[in-house]
Amino acid sequence: MTDFAVRPAQPDRDARATRTVLTLSSRLVRRSAVLLAGSAAAYVVIEIASYRAAYPNGVSPLQFAMFQDNPAVRMMQGVPVALDTAGGFTVWDAGWIIQLILAVWAILTASRLLRGEEDAQRTDLVLAGPVRATSVTKSAMVVLGVASLLVGGTVTAAMIVAGAGLRGPVLFGLGLAGLTATFAGVAAVTSQLAEVRRRAAAFAAGLLAISYVLRIVGNSTDGRSWVRWTTPLGWMDELKPFGDADLRALLPMLLVPVLLAAAAVELRRLRDTGGALLVADASRAPRLRLLGSPVAFAWRSNRAVLAGWIVGLGAYAAVMGALVGTMIDWLAQDQQYQRALAALGLDAALTTLGFLAMMATALIVAVALQVAWRMGAARSEEESGRAEVILARPVSRLRWLGGHAALSLLGGALLTLTTGTALWLGAVASSSDEISWDAAMRSVANGLPVVVLIGGLAVFSFGVLPRLTVAIPVIVTVVGYLLTLLGPALHWPAWVLDLSPFSHLAWVPMAPWAATAGVVMTGIGLLLTAVGLLAFHRRDVVGG
Amino acid sequence: MTTAAIRTAGLTKHFGRVVALDNLDLEVAAGEIFGFLGPNGAGKSTTIRLLLGLLRPTAGAAWLLGVPVAEVERAHRSVGYVPGDVSLWPQLTGSEILELLGNLSGGVDGAFRDELVERLDLDPSRRARAYSKGNRQKIALVAAFMTRPDILILDEPTVGLDPLMEAEFQALAREAAARGQTVFLSSHLLDEVEDLCQRVAILRSGALVEVAALDDLRKLTTTIFEATLTGPTPGFADLPEVLGVEPMDGGVRVTVSGAPGEVIARLNAAGISRLHSRAPTLEQIFLTYYQTSSAQREAVAAAHGATGAVT
């Protein structure tokens with residue numbers, strides 16, 4: 001008989017294990033990172049082309065001053081810098097949207113790698129090998145860092161190719177990489193704190209929302225610009241890649257992600273696998289409300305998320321409502337600006353009601369995305385096998401999915417209603433009486449047909465291509481919205497613009513409701529819902 | 001004639017080009033404990049998910065108490081189900097899950113539910129997230145039994161249970177059958193089926209191999225000889241009565257159907273140092289149905305903890 005002994009360490013094998021963990025992490029991130037890098041690069045290229053088409057002679061000093069002095073524009077997009085260059089214009093006009101998208105991606109991806117994998121107990125399999133828990137965390141952070149650089153680098157390359165110079169694109173790309181890595185780090189830390197991925201991502205998203213508000217404050221007046229240093233979303237405003245670059249801003253961009261990653265690794269060391277630093281009690285008294293039917297239960301399961309959206313989007317709408325007031329005062333002071341805007345063809349957007357309509361459309365994009373994600377929750381019930389537990393009871397598929405579809409639309413309607421009210425409240429709070437509750441409500445309700453259409457598309461995807469339940473409606477929404485933002489400036493043909501559902505919305509309340517388009521889109525949405533329900537009835541219930 | 005509890009006719013399911021279930025004809029009488037056997041991937045779960053209307057058949061049909069399985073609202077009123085892989089809502093406690101599932105079935109007898117919770121030694125105040133695999137399985141068992149359904153469809157229900165709880169489950173299944181409930185028990189654990197079931201179906205690669213009463217199976221005139229030999233193992237390939245030959249440590253295991261005279265003569269010629277003969281366990285009956293490659297047979301045997309040693 002031989003004695004049992006621990007096998008001697010085999011540096012080769014251990015190194016291979018570490019490499020394997022790295023490979024695994026990168027496989028989990030690769031596809032979405034490449035897609036994101038490509039989309040961001042395409043976005044900046046379109047933006048640069050759009051600038052050259054719209055301002056063939058560059059932005060005039062008058063236009064520049066107009067953007068700079070407009071508090072609404074400053075707070076939303078940032079203080080304009082170097083608008084006489086295509087790159088500077090891109091950073092100012094598209095940079096904030098790109099930064100938000102990258103931050104959201106970083107949060108979703110980091111929380112998936114560092115908490116979602118653990119929720120699904122796949123990490124256990126990895127950790128059964130000769131691999132330390134902290135080295136899994138480290139690998140994930142390295143991969144996320146590389147992915148951040150990939151995204152930033154792709155944008156840099158795209159801008160250089162598009163002829164935006166060299167130094168500016170490099171700084172902008174570095175800034176984007178830093179921001180992405182920062183929010184990956186934030187989510188890595190919250191993934192150590194919260195015991196489920198949804199909560200880890202929600203904490204990080206809350207911090208992103210706070211960062212966004214801080215940036216609004218920092219950009220509101222020159223006197224408060226120091227606030228921008230406190231928020232990752234403000235660092236790019238300080239960096240000014242195409243202007244008088246302040247390289248000190250690179251310091252937090254590159255340092256903070258490293259510190260956050262180190263903190264995440266250290267926190268990982270302190271906790272159990274599957275455990276968290278903030279845990280809810282394992283036991284509690286039963287709460288038996290809303291367990292009576294599949295629909296009641298679906299409401300119970302998703303109401304917290306809906307409440308989060310209502311609070312978040314409501315707060316955003318209130319800020320926007322307050323800005324409309326500022327905007328009105330500002331416009332009223334200077335007739336000359338109004339004429340200048342009319343000459344630019346932007347007059348519709350810069351009348352009170354036109355601005356309101358524009359804001360409402362942006363808010364409706366968020367509502368439509370929420371509805372798509374809500375159907376994604378139904379899909380994850382199916383994917384996890386939990387729907388099967390319900391469908392093995394005397395519950396028909398139509399009742400189950402129909403309930404989820406109805407609640408998605410109801411949630412969308414509720415979100416729209418509260419968003420409209422928040423717009424109005426914001427306007428009232430900034431002591432503007434130019435926006436009535438009625439006008440605010442009509443402006444957001446105008447978008448409901450799009451919400452029904454996108455919701456229907458989500459149900460349709462659920463029935464026909466369940467794995468793409470969220471992807472299809474989200475892509476249609478985002479691409480459709482970008483089409484209406486960029487298409488006109490690029491003089492794309494009308495039929496291309498007509499592909500976007502948003503093109504068919506009238507500028508309510510400035511213009512009357514486009515009844516025919518509204519009815520048609522609602523009809524298509526309901527039809528898609530019916531087809532989706534039928535398709536689900538006929539197909540197999542499938543897991544992940 | 002009374003209505004069968006479960007009936008399938010030509011039930012077939014294809015996933016793309018893979019035939020998961022081929023032309024299954026099955027009839028399970030009311031009040032029966034019916035074993036549904038087969039190795040992993042044989043199509044047991046596919047059959048069960050077809051019976052529950054979770055999968056749509058490629059061809060054929062199935063009925064639960066005469067109700068077509070597609071009419072789930074009627075058919076499922078008389079069904080309790082334990083899935084093969086139990087997924088629960090992590091944020092809900094055990095009692096909340098039982099409340100939900102009970103309500104979906106139109107309400108349950110609370111006293112009986114509490115008795116089941118008690119007997120399975122379950123703490124229902126804990127969140128599902130904190131449950132071990134065994135505890136999740138217990139929740140699924142309580143949820144299936146608590147409505148006293150006419151048909152219990154159980155997909156490997158004892159996975160993750162300790163032996164004590166496994167015994168409790170068997171008691172529950174017997175009591176259910178005594179009350180006239182039908183138990184459809186899928187398993188790859190043959191002991192479990194051997195103890196409980198009156199009839200078993202054996203499924204292999206999506207096709208039904210055999211449906212038989214357990215007593216009939218045991219009556220198969222199969223004998224297993226396990227011989228430790230001093231000389232080299234003789235060949236049996238020319239003997240039609242030999243169903244299987246497996247090498248074992250220092251000898252050979254021969255499964256014989258029919259008269260064993262010639263086999264014993266050849267073993268004797270090779271020099272028997274020890275000979276053990278016995279009637280087959282269900283395990284071995286089961287394995288003889290798998291006249292596939294011996295490698296596969298060994299894999300199945302190993303997976304099921306089949307004993308190779310002679311005692």
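Colleague: In chain B, what share of the contacts with a separation of 6 or more is between residues 24 or more positions apart?

Modeller: That share is 69%. Contact here means that the C-beta atoms of two residues, placed from the backbone, lie within 7 Å. Bear in mind that this is a predicted model, where local features need pLDDT of at least 70, side-chain atom pairs count only at pLDDT 80 or more, and totals for chains, interfaces and linings use all residues. Residues are numbered from 1 along each chain as its sequence is written, while chains are lettered from A and ligands numbered from 1 in the order in which they are written.

Colleague: Got it. How many helices and strands does chain B have?

Modeller: Chain B has 11 helices and 14 strands. Those are DSSP runs numbered from the N terminus, with helices being H or I of at least four residues and strands E of at least two.

Colleague: And what percentage of chain B is buried?

Modeller: Of its 311 residues, 41% are buried. A residue is buried if 20 or more other C-beta atoms lie within 10 Å of its own, exposed if 12 or fewer, and partly exposed in between, with C-beta atoms placed from the backbone. Take helix α3 of chain B, residues 94–104: 10 of its 11 residues are buried, including B:Ile97, B:Leu98 and B:Leu101. Just after α3(B), B:Gly106 takes a positive phi of about 85 degrees.

Colleague: Which residues have the most contacts inside the largest nonpolar core?

Modeller: A:Ala187 and B:Phe184, in a core of 215 residues. Such a core is a set of buried Ala, Val, Leu, Ile, Met, Phe, Trp, Tyr and Cys residues joined through C-beta atoms within 7 Å. Leaving out residues up to four places away in sequence, B:Phe184 touches B:Ile6, B:Val28, B:Phe34, B:Phe36, B:Ile151, B:Leu152, B:Ile153 and B:Leu154.

Colleague: Switching to chain A. How do α14(A) and α18(A) pack?

Modeller: Helix α14 (residues 352–384) and helix α18 (residues 448–464) of chain A pack at about 25 degrees, with axes 9 Å apart. Axes are lines fitted to C-alpha atoms, for helices over the stretch in contact, and angles run from 0 to 180 degrees between N-to-C directions. The two are therefore roughly parallel; angles under 35 degrees count as that, over 145 as roughly antiparallel, 65 to 115 as roughly perpendicular and the rest as oblique. Among the residues that meet are A:Val371 and A:Met375 in α14(A) and A:Ile454 and A:Phe462 in α18(A). The contact of α14(A) with α18(A) divides into 13 nonpolar, 1 polar and 1 charged. Ala, Val, Leu, Ile, Met, Phe, Trp, Tyr, Cys and Pro count as nonpolar, Asp, Glu, Lys and Arg as charged, and the others, Gly among them, as polar.

Colleague: What about α14(A) and α19(A), at what angle do they cross?

Modeller: Roughly 170 degrees, and the axes of α14(A) and helix α19 (residues 471–486) of chain A come within 9 Å. That makes α14(A) roughly antiparallel to α19(A).

Colleague: Last one: how many residues does each chain give to the contact between them?

Modeller: Chain A gives 28 residues and chain B gives 29. On the side of chain A that touches chain B, α15(A) gives the most, with 5 residues.
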